[in-house]
Amino acid sequence: MEVSYMCMKRAGTSCLIVMKKNPYMKHSVKTPSTFLYTSYISTLSMPHNTPFISVFAKSCFSSSSVSDLPLEKNSEKTGSKVILKNMNYTELEKWVQSHGYRPGQALMLWKRLYGNNLWAQCSDELEGLNKEFRKMLGELAEFKALSLKDVLTASDGTRKILFNLEDGSVIETVVIPKSGRTTVCVSSQVGCGMNCQFCFTGRMGLMRNLTAAEIVEQAVFARRLLSSEIGSITNVVFMGMGEPLHNIDNVLKAASIMVDVQGLQFSPNKVTVSTSGLVPQLRRFLHESNCALAVSLNATTDEVRNWIMPINRKYNLALLLGTLREELRTKHKYKVLFEYVMLAGVNDSMDDAKRLVDLVQGIPCKVNLLTFNPHKGSPFKPTSEKKMIEFRNALAEAGCVVLLRPSRGDDQMAACGQLGKPGEIEAPWLRIPTRFQMIV
């Protein structure tokens, strides 16, 4: 493994940068200017428990602040070919017209990519389209952004689909069958930079953002691969690998394709985008998308949330919940979904239940109580079923709409918080607050 260390002065602050060759890159990169690394950056002048920030960086950095470093992402082109699923309908129509074809051809192509149960993956599957148009697409366009690596089936019928990306990275998608409703859980990044302490994906750090095509194709592939076996896929949740709002441009584009009436035709209220609480991006999402929003809350005090979800150190509970109250005043019949992973002895007391009722007061919402799904190296334990029921009852008696969500797919590491595969260097465990050290 190739590891290098360097100290830098950036914005008046000393930083230690630990860089290693990306273990998910199968193919060597020949030119130094495009050599890609996973780097973990810790500000030396901050307290020792300050979280590392993981970024996808090149071998040299600009003078901008660490938080402004761009994430590498795939180009919209593969070689000389344009990736069709990286375009929304307006962009596709313009591209088709730029090659001398009329807008009607663009609509027919769009329907064959996403609608009519066709989900075309090559020009040979474009029956009914003009022969010359199909030939042009075969020469200039790429239909697929993902390639299937494996499908694992859990004992409860949950499927975990592993996809290879062009750069050798691997992402995971989960399909959860249920009577009357089958959900596909899509990833938005390779890894995740939020470092939530209870999440296995967070151990990876952040490799890179997924493109819109790589996100959309997870849903397309799930329908193409599994619809005949398990029935129609009706719901999408952006709750796989990554923080969706950290990749907001591509997530917004992907979600718009999913709900397009000529596209994948998911109902907007059945496409849910989850966030750990990036407040500026959350505002933008609520202004620009009509899809549903889920907020991963998981604590009722800043002390606990600072520890288990380091993003809280930048956007604390008061700011996050205050923003939701403000924004939802203008959204008619809109409810946010609060996700609450219950960790034994950490966030599952009756005092937590009372504080949670107070925190969500005035916010149109539902609360999902989730079982913690153990994974290698985690110090946390799941709350007992009895205590989860008591917690749920306390919320319900106070007037909250609350649901208990059982784990699905955990025997194949397909459950919430279990996706991904950390490399040899992992994101750091944060210092446990003193009063929890005997519990965890």
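## Helix packing and salt bridges, talked through

Modeller: In this predicted model, helix 6 and helix 8 (residues 317-328) pack with their axes 10 Å apart, at an angle of about 15°.

Colleague: Why are helix 6 and helix 8 called roughly parallel?

Modeller: Angles under 35 degrees count as roughly parallel. The angle here is about 15°, so helix 6 and helix 8 fall into that class. Their crossing is right-handed.

Colleague: Which residues make that contact?

Modeller: On helix 6 they are Val 279, Leu 282, Arg 283, Leu 286 and His 287. Helix 8 brings Leu 319, Leu 320, Thr 323, Leu 324, Glu 326, Glu 327 and Leu 328. By class, the contact of helix 6 with helix 8 has seven nonpolar, two polar and three charged residues.

Colleague: And what makes helix 5 and helix 6 roughly parallel?

Modeller: The axes of helix 5 and helix 6 cross at roughly 20° and come within 11 Å. With the limit at under 35 degrees, that makes helix 5 roughly parallel to helix 6. The crossing of helix 5 and helix 6 is right-handed.

Colleague: Which residues meet between helix 5 and helix 6?

Modeller: Ile 248, Asp 249 and Leu 252 in helix 5 meet Gln 281, Arg 284, Phe 285 and Glu 288 in helix 6. Sorted by class, the contact of helix 5 with helix 6 has three nonpolar, one polar and three charged residues.

Colleague: Asp 249 and Arg 284 are both on that list. How do you know that their side chains meet in a salt bridge?

Modeller: The cut-off is a nitrogen of Lys or Arg within 4 Å of a carboxyl oxygen of Asp or Glu. For Asp 249 and Arg 284 the N to O distance is 2.8 Å, so the pair passes the test. Asp 249 in helix 5 and Arg 284 in helix 6 (residues 279-288) are 35 residues apart, and the pair links distant parts of the chain.

Colleague: Why are Asp 249 and Arg 284 called partly exposed?

Modeller: Buried means under 20% relative accessible area and exposed means over 50%, with partly exposed in between. Asp 249 has 46% relative accessibility, so it counts as partly exposed. Arg 284 has 30%, so it is partly exposed as well.

Colleague: What makes the pair of Lys 253 and Glu 91 a salt bridge?

Modeller: Their closest N and O atoms are 2.9 Å apart, and the cut-off is 4 Å, so they qualify. Lys 253 lies in helix 5 (residues 248-259) and Glu 91 in helix 1, so the pair ties together parts that are 162 residues apart in sequence.

Colleague: Are the two ends buried or partly exposed?

Modeller: One of each. Lys 253 has a relative accessible area of 17%, so it is buried, the limit being under 20%. Glu 91, at 31%, counts as partly exposed.

Colleague: What else does Glu 91 touch?

Modeller: Leaving out residues up to four places away in sequence, Glu 91 touches Asn 86 as well as Lys 253. Glu 91 itself sits in helix 1 (residues 89-98). Its C-alpha is 9.8 Å from that of Ala 106, which is 15 residues away in sequence.

Colleague: How many salt bridges does the structure hold?

Modeller: It holds 16 salt bridges.

Colleague: And what makes Asp 411 partly exposed?

Modeller: Its relative accessibility is 44%, so Asp 411 counts as partly exposed, between the limits of 20% and 50%. Asp 411 is found in the segment after strand 19 (402-405). Setting aside neighbours within four places in sequence, Asp 411 is in contact with Ala 154 and Ser 155.

Colleague: To finish, how much of the protein counts as buried?

Modeller: Of its 440 residues, 54% count as buried. The protein has 10 helices and 19 strands.

Conventions. Residues are numbered from 1 along each chain as its sequence is written. This is a predicted model: local features need pLDDT of at least 70, side-chain atom pairs count only at pLDDT 80 or more; totals for chains, interfaces and linings use all residues. Side-chain values use heavy atoms; hydrogens and water are left out. Helices (H or I, at least four residues) and strands (E, at least two) are DSSP runs, numbered from the N terminus. Contact means heavy atoms within 4.5 Å. Buried means under 20% relative accessible area, exposed over 50%, partly exposed in between (1.4 Å probe, protein chains only). Axes are lines fitted to C-alpha atoms, for helices over the stretch in contact, and angles run from 0 to 180 degrees between N-to-C directions. Angles under 35 degrees count as roughly parallel, over 145 as roughly antiparallel, 65 to 115 as roughly perpendicular and the rest as oblique. A crossing is left-handed if the near helix is turned anticlockwise from the far one by less than a right angle, and right-handed if clockwise. Ala, Val, Leu, Ile, Met, Phe, Trp, Tyr, Cys and Pro count as nonpolar, Asp, Glu, Lys and Arg as charged, and the others, Gly among them, as polar.
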